Amino acid sequence: MAPRTILYTGKGGVGKTSVAAATARRCAAAGLRTVVLSTDPAHSLSDSLEAELGPEPTQAGANLFGQEVQAQEEMERHWDSVQGWLGSLLEERGVDRISAEELTVPPGMDELFSLLWIKRHHDEGEFDCVVVDCAPTGETLRLLSFPDVVTWWLERILPSQRRLAPLARSLFDMPLPGDGVFEDVERLARNLVAMNGILRDRSRTTVRLVTNADRMVVKEAMRTFTYLNLYGYLTDAVVVNRLLPADGYFAAWSEVQREQLDLVRSAFEPVPVLTAPYLEREVVGPEMLDRLAGEVFGAGDPAAVLHTHIAQELVTENGRATLRVDVPFAEKGDLALKKIGLEVVVRVGAQKRTIMLPPALAAYSASGARFDDGTLEISFERNGDAH
């Protein structure tokens, strides 16, 4: 059976490494052979687990393994022939060797190679649970969209490249790529397509967002949530970390956090919102990680799929768009709709919901809405297209 795979992402500094490590420890304690791996170039997983980790899975406790993937090693494994060919091409045109090597790796490709470890763990079947501490939000989103791009490229572009290579050599005096270059690219493309299937297997793979109760961080999490839905990836939980105590010195800040927590609950429903307090000690080492896991999951099973379907779906066609949103409101009530920039504020009865739209809908205006059987459908038309 394929391993349970949980990807944690969020804005830098929200504590996602701690939450990922705490999840992995709880899964291992439940008897699941678990690996937690960091694909974030700024690795802090070793510090969190208080264990020396390397690029391969290293035992960090009973049933628990940790891994800090080294992007350079993964590039050499997957991109060596391509890098050599592109480097030679650039050097022939006067680019110095060091600069040529840097230019042969597209932005984000190193993190992408790191994510391929997900597929490798699935293929090898050594673990029951794979927990991934992803790079901060922006990078993760870009990488998760790659498989769709690669699928298109693999099916339409790659076959023609072999046919056109001799022509490129004769017309542009370009060094002819060897078979190793095409083999590297084809293997990478097929691996990414396979990984895409793993990431979209909603019965085994989910994404969890980690955020703090700060307005800017919450807005970033909302944008991430929208993109994950658009890509077809299942978000099964949102973790709001570092909530301050409601009394004493932090009372005023706690009140502000409670307002943001209300926004989180309205924006992400029906996805479960899990919370953890700001602990008085740094969350490193087994004791504090287990304490964090207790705060986040209580007596629950962190390896369970906590939510089973995508909460938003966006369909666009001929200058029109329809956003379908699950709304867990018991009664229909009066429906009111307002679009402010890229935010849609929906009121159904006494309930309010804020939905973040992708930038592509900036030029669209809401043209109507319909609520039926727990699903809200909002229609948009491109400005100037309405009749």
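**Surface charge, cysteines and a helix residue**

Glu52 is exposed, with a relative accessibility of 74% (exposed means over 50% relative accessible area, buried under 20%, and partly exposed in between, with a 1.4 Å probe and protein chains only). The structure is a predicted model, in which local features need pLDDT of at least 70 and side-chain atom pairs count only at pLDDT 80 or more, while totals for chains, interfaces and linings use all residues. Residues are numbered from 1 along each chain as its sequence is written, and side-chain values use heavy atoms, with hydrogens and water left out.

Glu52 is placed in the loop between helix H2 (45-49) and strand S3 (58-61); helices (H or I, at least four residues) and strands (E, at least two) are DSSP runs, numbered from the N terminus. On the surface, a patch of negative charge is formed by Asp47, Glu50, Glu52 and Glu282. Such patches consist of residues with over 30% relative accessible area and no salt bridge, like charges being joined within 9 Å.

A disulfide is a covalent bond between the sulfur atoms of two cysteines. With a disulfide defined as a pair of cysteine sulfur atoms within 2.5 Å, zero disulfides were found in a search of the whole structure. For Cys27, the closest cysteine sulfur belongs to Cys129 and lies 3.9 Å away, too far for a bond. Cys27 is buried, at 1% relative accessible area, and Cys134 is likewise buried, at 1% relative accessibility.

Ala194 belongs to helix H8 (residues 179-199) and is partly exposed, at 32% relative accessibility. The C-alpha atoms of Ala194 and Lys119 are 7.4 Å apart, although 75 residues separate the two along the chain.

Definitions and conventions. Patch = residues over 30% accessible without salt bridge, like charges linked within 9 Å, V, L, I, M, F, W, Y side chains within 5 Å. Areas by Shrake-Rupley, 256 points an atom, 1.4 Å probe, with all protein chains shown as cover. Salt bridge = Lys/Arg side-chain N within 4 Å of Asp/Glu carboxyl O. Lys, Arg positive; Asp, Glu negative; His and termini not counted. Charge placed at Lys NZ, Arg CZ, Asp CG, Glu CD.
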